[in-house]
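I opened this entry to keep track of what I looked up, one item at a time. The order follows my own reading.

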Amino acid sequence: MLPRKRAGEGEVVGVSENNNNSNNINDVSVTSPIKKHCPCDTAAPDSTANNNTLTTGNNSSNHTSSCVVEPPIMAPGDANHNDIDEDLHSRQLALYGRETMRRLFASNILISGMQGLGAEIAKNLILAGVKSVTLHDEGVVELWDLSSNFVFSENDVGKNRALASVQKLQELNNAVVISTLTTMLTKEQLSDFQAVVFTDISLAKALEFNDYCHNHRPSISFIKAEVRGLFGSVFCDFGPEFTVFDVDGEEPHTGIIASISNDYPALVSCVDDERLEFQDGDLVIFSEVQGMTELNDGKPRKIKSARPYSFTLEEDTTNFGTYMKGGIVTQVKQSKVLNFKQLREAIKDPGDFLLSDFSKFDRPPLLHIAFQALDKFISEFGSFPVAGSEEDAQKLTSIAANINECLGEGKVEDINPKLLKHFAFGARAVLNPMAAMFGGIVGQEVVKACSGKFHPLFQFFYFDSVESLPAEPVDPSDFKPLNSRYDAQISVFGSKLQKKLEDAKVFIVGSGALGCEFLKNVALMGVSCGSQGKLTITDDDVIEKSNLSRQFLFRDWNIGHAKSTVAASAAASINPQLKIEALQNRVGPETECVFNDAFWENLTVVINALDNVNARLYVDQRCLYFQKPLLESGTLGAKCNTQMVIPHLTENYGASRDPPEKQAPMCTVHSFPHNIDHCLTWARSEFEGLLEKTPAEVNAYLSNPVEYATSMRNAADAQAKDNLERILECLDREKCETFQDCVTWARLRFEDYFVNRVKQLIFTFPEDAATSTGAPFWSAPKRFPHPLQFSAADPSHLHFIMAASILRAETFAIPVPDRVKNSKMLAEAVEKVIVPDFLPKEGVKIETDEKATNLSTASVDDAAVINELLFKLELCRNNLPSGFRMKPIQFEKDDDTNHHMDLIAGLANMRARNYSIPEVDKLKAKFIAGRIIPAIATSTAMATGLVCLELYKVLDGAHKVEDYRNTFANLALPLFSMAEPVPPKVLKHRDMSWTVWDRWILRDNPTLRELIQWLKEKGLNAYSLSYGSCLLFNSMFPRHKERWDKKVVDVAREVAKAELPPYRSHLDVVVACEDDEDNDIDIPQISIYYR
């Protein structure tokens, strides 16, 4: 498959093939694009802009054709972004922004060492969209490599690793040029790259290459990374002076000013709408301050004494003007220059290590020595230590001890021979979970090196997961290779744990970004690949183009197909031994006939790969109920977290929850917005109301007028009245029959939204209006609005009309003429619209109560008005063509040709202009209105690698709670925080104890009396029993005692109308109990088995 030329690049690159059309990867030579520029292929920026001519054909030819082109209507800020495929990279753009993406697109990367770690780094960078990746490896594929490298198959054994990697990596992103180097590298070759990564290199060679990169001008970013069994290391050197443009990737914090004192230091107070996120030492700028206008000079000012709603300025404002009102304070993000040390210097004086686990605070200095000792071992003996060899482990320990002794005062007190033995045993192995984790970390460091976005790792990072080893000692003979694809993994864990992995029955919920990574990991680990194993994956979603930038098992030809099916097929191609079944069912109460009791009871472990909290909570409850381990993870941009939910050892996922997101009050969104988020929330609501809900209501009425009218009369409320008024508008006053009608509708909507409503608002609440307490009504955070004046000469006004008229036409099935996208012709159509004058009305109620949830006001006349509206509707319906229906439009953010985001961005920006709020381009509007969650491949890879390190522990089955780790990581900072999971709360009564994991079981289909007596014997007095939301028994009701001798299941059927499906053999009841001292005792759920 040929790489396609990326729009905006001035070179054509491709794959040249021999004439024999051989499919052998060795017969393919890749033309390197590096440092080759072809100016002749790139038109000068202004060559066609001034005379509006289109030039076609090769520039060397004299044949041209030209025509005058009327400029198309474009949204403000949307021009010249064709160099980034926003449909493909939208989730990445939401985190990085355009400038960082452009820097990535211009970056050439070298990756040396194509074992598992090199393949993972390459995958993440190719998905990110760098300009080129060059793969270097002099070695050949061994069966051993199949434990960690997803691009290799058994057919590749014996081929050069770099050449064997090209084809599958190229499929990830055809816009990235992938080339290979298969001979020994020279340091001069490194000058072709912005960043170089070495994953399998001797220390001596690393020192040589790093010296060259550090002293080169400009500096070449150098990264040395290693994965050795359950141990890993990273070293970064981005040169003597590296500038970080954005240290954390967070949006600048802002505050709305309430007051500023004339003082030294000046006290600045902000409204208590939201807490300030400023810190002492931050620089801020002021804008829109009235009165103390001296602060509006754009000069950054340092703050101190930062508090939740105030701070002080290190400035004397005594002689400034007196603050009157208004003002926004905005954080100024500061760049940072880092002075990296060369490896030669840093290895002797490493400085502070980046910690990941504070329970191992003394581990990094020891691992710093261990990796040096391994390098010396290999150079002395010519091979890695043999797994299980006590002799080799002792040799490595001795080398480490000698290195340590040479450190003088900086030496480590305890070199921990036991840990070094584990290190020696697994030193040759590259484990997939470790490669996935470090592939995410290193991939993100390369992005930082190429873009200056986020703070680099400075400079050493060491990590180990020795807790993943089997809890019981492993016999040295168990480490011996079996001539299988899992030999590398066996050399670390032994063949017994490998068998447990292969026979596991695993359920992966979701096959998006996390799901794809999990499938790749478990396939390489051999999970569910044995005769007893089975992996079930389910996802009810289909593949979209925006998935391809991180859900790496999917290709562009898979768009529109079921995610789970495609992912399962791709995973089986990674490891044909994988026993996998793909389903397209959503996991929830409605699919318990599919995922029934037998299904859950048969599982070994559940892995969540979900993107919403409600689904996570449901799976958590199922795992809690059936006492199955649940491995939970999630990502948000550069951040990721993992949580281990282990039966009886840890609390469950639902035991702690994040606070709900703060929602803006309805009155703020509709009448008093003060930021662009409010404007976009309103725009999205208006879009759905005009184009989806109202047409759907029209169709509901037309489908069954009598039934609809009855339901409206029965409701007889303000909502019913509003629905009928909107239907009547669509079918009568605002009915469209021609495209000119749609243009008229769009022009009048503009007038209504951005002129008339604002005039009414400032008539009702003039600029000098006061509240009931005498305070100014238009005080912060309220912003006083101004009506717009429509102008066909304003491109943003015309763009709004275009998008609105096209979508209105779509709802009425009216053909859209091509001329609508011609600015001159559309302006002429708009000029034909007669816009009536507007006069504000007295007595109009505008909601100002922030607690109000409904803007519609009820009236005693609603019933009468509803009857009148229904009468008018009936007259309209009789005049409609037979079978007339409207077409509701569902909002779709990821299709840039459907004009949905054009309309929403237009609505939001015109409203922002009303209130003097800074406007945003269509892409930014898409992120906010479309509620797009930033997502990148690196954090996803890291999260899944961490989870799979925990999977070893789960499937071993003998680990304690202190062996498990929950993780929060932020690759932007970078920050890694690992901790033991929280144990579940233990409840006690007499000699019994239980946790949320316990479920009491009563078999043999008991009666109500038998259940109560069974509890009585435990010292528990049951006074209430319920099934679902229905009360089956309560001691306060004498008649309930008539149910005592009935079977509990029969009472549930009679009283609760329980419908118990044939696949269910029990029902669950909740019993409220007291002890003999009348203290309530919270007991576990009780399962009554009736068959």
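How many residues apart in helix H20 are Phe-750 and Phe-754, and how much of a helical turn separates them? I am working with a predicted model. Phe-750 and Phe-754 are 4 residues apart in helix H20 (residues 739-764), so about one helical turn separates them.

**Aromatic pairs**

I ran the search over the whole structure and got 49 aromatic pairs. Phe-750 with Phe-754 is one of them, in an edge-to-face arrangement with 5.1 Å from centre to centre and 70° between the planes. I looked up the burial of this pair as well, and both Phe-750 and Phe-754 are buried.

I then turned to Trp-778 and Phe-784, which form an edge-to-face pair at 5.2 Å centre to centre, with 85° between the planes.

Why is strand E8 (residues 231-237) described as largely enclosed? I found 7 of its 7 residues buried, so the rest of the structure largely encloses E8. In a regular strand the side chains alternate between the two faces of the sheet. For E8 I wrote down Phe-231, Ser-233, Phe-235 and Asp-237 on one side, with Gly-232, Val-234 and Cys-236 on the other, and all of these are buried.

Next I checked what E8 pairs with. Strand E7 (residues 221-228) is an antiparallel partner of E8, over 7 bridges.

**Strand E14**

E14 is joined to strand E11 (residues 266-270) by 4 bridges, antiparallel, and Ala-266 is opposite Leu-313. Strand E13 (residues 301-304) pairs with E14 over 2 bridges, again in the antiparallel sense. Ile-303 stands opposite Leu-313 in that pairing. The hairpin of E13 and E14 has 5 residues between the strands, and Ser-305 takes a positive phi near 50° there.

**Helix H9**

How far does helix H9 (residues 432-451) reach from its first C-alpha to its last? I got 28 Å for its 20 residues, close to the 28 Å expected at 1.5 Å a residue. I found 20 of the 20 residues buried, so H9 is largely enclosed by the rest of the structure.

**Charges over rings**

I looked up two contacts between a charge and a ring. Arg-911 lies over the face of Trp-682 at 4.4 Å from the ring centre. Lys-1018 has its charged end over the ring of Trp-1014, 4.5 Å from the centre.

**Domains and annotations**

The domain assignment gave me domain 1 (254-332), domain 2 (674-777 + 789-842 + 865-916) and domain 3 (987-1089). The centres of domain 2 and domain 3, taken over C-alpha atoms, are 56 Å apart.

In UniProt I found an unreviewed entry whose annotation "domain: Ubiquitin-activating enzyme E1 C-terminal" covers residues 964-1086. I computed 14% helix and 35% strand for residues 964-1086, with 30 Å between the end C-alpha atoms.

The UniProt feature "active site", also from the unreviewed entry, is placed at Cys-667. I located Cys-667 in helix H16 (residues 666-671). Is Cys-667 buried or exposed? At 2% relative accessibility, Cys-667 counts as buried.

Notes
Residues are numbered from 1 along each chain as its sequence is written. This is a predicted model: local features need pLDDT of at least 70, side-chain atom pairs count only at pLDDT 80 or more; totals for chains, interfaces and linings use all residues. Side-chain values use heavy atoms; hydrogens and water are left out. Rings of Phe, Tyr and Trp (its six-membered ring) pair if their centres lie within 6.5 Å; planes under 30 degrees apart count as stacked, over 60 as edge-to-face and the rest as tilted. Buried means under 20% relative accessible area, exposed over 50%, partly exposed in between (1.4 Å probe, protein chains only). A charge sits over a ring if NZ of Lys or CZ of Arg is within 6 Å of the ring centre and within 35 degrees of the ring normal. Domain bounds come from an automatic or database domain assignment. The expected span of a helix is 1.5 Å times one less than its number of residues. UniProt positions are given in the numbering used here, feature names are shortened, and annotations may be inferred rather than shown by experiment. Two strands pair if DSSP finds at least two bridges between them.
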